[in-house]
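Please read it beside the coordinates.

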Amino acid sequence: MKRELLKYSIFAVCVLLAPLAFLDSYLLNVLVFVGIHTMLAVALNLLLGYAGQISLGHAAFFGLGAYLSGVLTTTYGWNPWFTMLVAAIVVGGLAFMIGFPILKLKGHYLAMATLGLGIIIFIVFNEWVEVTSGPSGFSGIPNLQLGQLIFDSDLKNYYLVWCFVLGCVLLSVNLANSRIGRALRAIHDAEVAARVVGVNARLLKVQIFALSAMISAIAGSLYAHVMTFIAPPSFGFNISVELLTMVVIGGLGSIYGSFLGALLLTLLPEFLRFMHDYDIVFYGGLLMVMTIFMPGGLVQGIPDLFRKLVGLRKGKGDSHA
Amino acid sequence: MLELQGITQIFGGVTALNDVSFSIRADEITGVIGPNGAGKTTLFNIVTGIYQQTSGRVIFEGQDISGIPAERLASLGMVRTFQNIELFGKMTVLENVMVGLHSRSSSGLFACSFKMPWALKEERRIREEALQWLEFVGIADLADVTAANLPFGRGRMLEIARAMACKPRMMLMDEPAAGLNSQETVGLAELIRKIRELGVTVVLVEHDMELVMDICDRIVVLNLGQKLAEGTPREIQDNPEVIAAYLGDDD
């Protein structure tokens, strides 16, 4: 428990101080998106890393949050904070209802079903032109505002988004270390045994699916207000896959791993600009190398690598002596 | 306490169980024995809600539990262990037992995420009680070991501790002595008696005849999906039909 608190404190201090290093830099803008991606990866990790249930349609929940916030605040003039709450509840409720039939499926079938869900919602964003403005995108979304403070600069948005990330990480870490987190891991390890000792596997899976969708929707609302412009490609299938890659590369079942995955996969494109469209080859290679050499993700792989290197040096020293 | 009425189970064209009826009395240790393929494990899977029987009824403490899903049986007071130990391998020994207390705790998603005071209090109670159950089966020193790394015999003890953490009134054990050495089997017999002393009715499927004859108050013999005999260990040992089923018939 104390170790968790220490880890979280270090994480929080780093997050709060990071902008000092990047003031006036475009990287600050990138870090805002690292924050949004971290929320999404943490949400997906609760489902995939803890409960062991895959989703290839999580970008849809992200998109629903973004479009609900965008459309309701811009077209209908709703209060943005209130809308964010409404979006989270509506998307969470929707996921809860879809969850009951969909989470009966396992493995590849669940992947296909969530993939289908993602595609259906993507088509709605594209085709329901009267409401979403379709492929040309939806613009003019207001920035969030807190009293006199308008979140209209990179620095302000950084702190806005990362406050949400810190909250989301804290709640997720708490949940993971509670009876619910234990029950989820138990379902992941041996579902029949978990049910026999009284874990309602089906209900828990659906609950965590809904919670995961809610967090994704909040990330979507933030995205809409930060960008002030949203378009369907930001919520397509490839985004779902990117989120999945972040979770796997960071480490399944590790909340901080999801942050590392999000950081790596959000920063990399900035450094791979010179590769133009070929950067996808790099991601594919990275995923392959990672799953072969670091199946536990960065969060396990880096300490392992470090131990191996230290061990190697010690081993050499011994043989010389 | 538990009453089976005309249980029949048909898989495809194969009749695994044919009109099996018997009852189990409270506070006794009952053994279910029979040659391989007699339908013992199938019977367990039906009673514990993992299979749905083709026909017949299962009555537990006066309530028809046919068709009730496995996860609800734990809170009704019935729990089981598995032939090939089913542990949560990536979790620690203590965490495994803590999952056993899941059905007897209630903090929800939000209370847990926000660390509400009552959720923390409950978490402390879960941890303390889980430790007591580890002491009960004698593996408290292994609390922080990852379950997958346990030797087989210890894994069996852990599975029993986890089942006891549900505070069951009836425990069904599927071949608890399988894979144990003779010394561990003696320890197991003692443990099963200790469990009965806590007021838990024990039913076990077992191949180890010495163990069965030693600890069981009553024995039910299954053969080819049918009940062959029922009685005290002595009656069963002297039953010519049982001897024929096990050793082959002279005719």
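1. **Basis.** This is a predicted model: local features need pLDDT of at least 70, side-chain atom pairs count only at pLDDT 80 or more, and totals for chains, interfaces and linings use all residues. Residues are numbered from 1 along each chain as its sequence is written, while chains are lettered from A and ligands numbered from 1 in the order in which they are written.

2. **Chain A overall.** Chain A has 15 helices and four strands. Helices (H or I, at least four residues) and strands (E, at least two) are DSSP runs, numbered from the N terminus. Its radius of gyration is 20 Å, which agrees with the value near 20 Å for a compact globule of 321 residues. That radius is taken over C-alpha atoms, and the globule rule is 2.2 Å times the number of residues to the power 0.38. Along the principal axes, the C-alpha atoms of chain A fill a box of roughly 75 × 55 × 40 Å. Of its 321 residues, 50% are buried. Buried means that 20 or more other C-beta atoms lie within 10 Å of a residue's own; exposed means 12 or fewer, and partly exposed lies in between, with C-beta atoms placed from the backbone. Of the contacts in chain A between residues at least 6 apart in sequence, 77% join residues at least 24 apart. A contact needs C-beta atoms, placed from the backbone, within 7 Å.

3. **Chain B overall.** Chain B has ten helices and ten strands. Its radius of gyration is 19 Å, close to the 18 Å that the rule gives for 251 residues, so chain B is as compact as a globular protein of that length. The C-alpha box is roughly 70 × 40 × 30 Å along the principal axes. Buried residues come to 45% of the 251 in chain B. For contacts in chain B at least 6 apart in sequence, 68% join residues at least 24 apart.

4. **Domains of chain A.** Domain 1 covers 2-271 and domain 2 covers 280-321. These bounds come from an automatic or database domain assignment. The domain centres in chain A, over C-alpha atoms, are 29 Å apart. Eleven residues of domain 1 of chain A meet eight residues of domain 2 of chain A. On the domain 1 side, helix 12 (237-250) and helix 13 (255-271) of chain A each supply at least two residues. That side has five nonpolar, six polar and no charged residues. Here Ala, Val, Leu, Ile, Met, Phe, Trp, Tyr, Cys and Pro count as nonpolar, Asp, Glu, Lys and Arg as charged, and the others, Gly among them, as polar.

5. **Thr266(A).** This residue sits in helix 13 of chain A. Why does Thr266(A) count as buried? Because 21 other C-beta atoms lie within 10 Å of Thr266(A). Beyond neighbours within four places in sequence, Thr266(A) contacts Val30(A), Phe33(A), Val34(A) and His37(A). Thr266(A) and His37(A) are 229 residues apart along the chain, yet their C-alpha atoms are separated by 7.7 Å.

6. **Domains of chain B.** Domain 1 takes two segments, 1-74 + 202-251, and domain 2 is 78-167. Their centres in chain B are separated by 29 Å over C-alpha atoms. The contact takes six residues from domain 1 of chain B and six residues from domain 2 of chain B.

7. **A sheet in chain B.** Four strands of chain B form an open antiparallel sheet in the order 2-1-4-5. Two strands pair if DSSP finds at least two bridges between them. Strand 2 (14-24) and strand 5 (63-64) of chain B are at the edges with a single partner strand each, so one side of each has no neighbour in the sheet. Strand 4 (residues 55-60) and strand 5 of chain B pair over two bridges.

8. **Contact between the chains.** Chain A gives 24 residues and chain B gives 34 residues. Helix 9 of chain A gives the most to the chain A side, with seven residues. By class, that side has 14 nonpolar, five polar and five charged residues.

9. **Core.** The largest nonpolar core has 176 residues, and those with the most contacts inside it are Met39(A), Ala194(A), Val197(A) and Ala161(B). Such a core is a set of buried Ala, Val, Leu, Ile, Met, Phe, Trp, Tyr and Cys residues joined through C-beta atoms within 7 Å. Helix 11 (residues 201-227) of chain A has the largest share, 18 residues. Not counting residues up to four places away in sequence, Ala194(A) touches residues including Ala183(A), Ile187(A) and Val99(B).

Terms used:
Contact = placed C-beta atoms within 7 Å.
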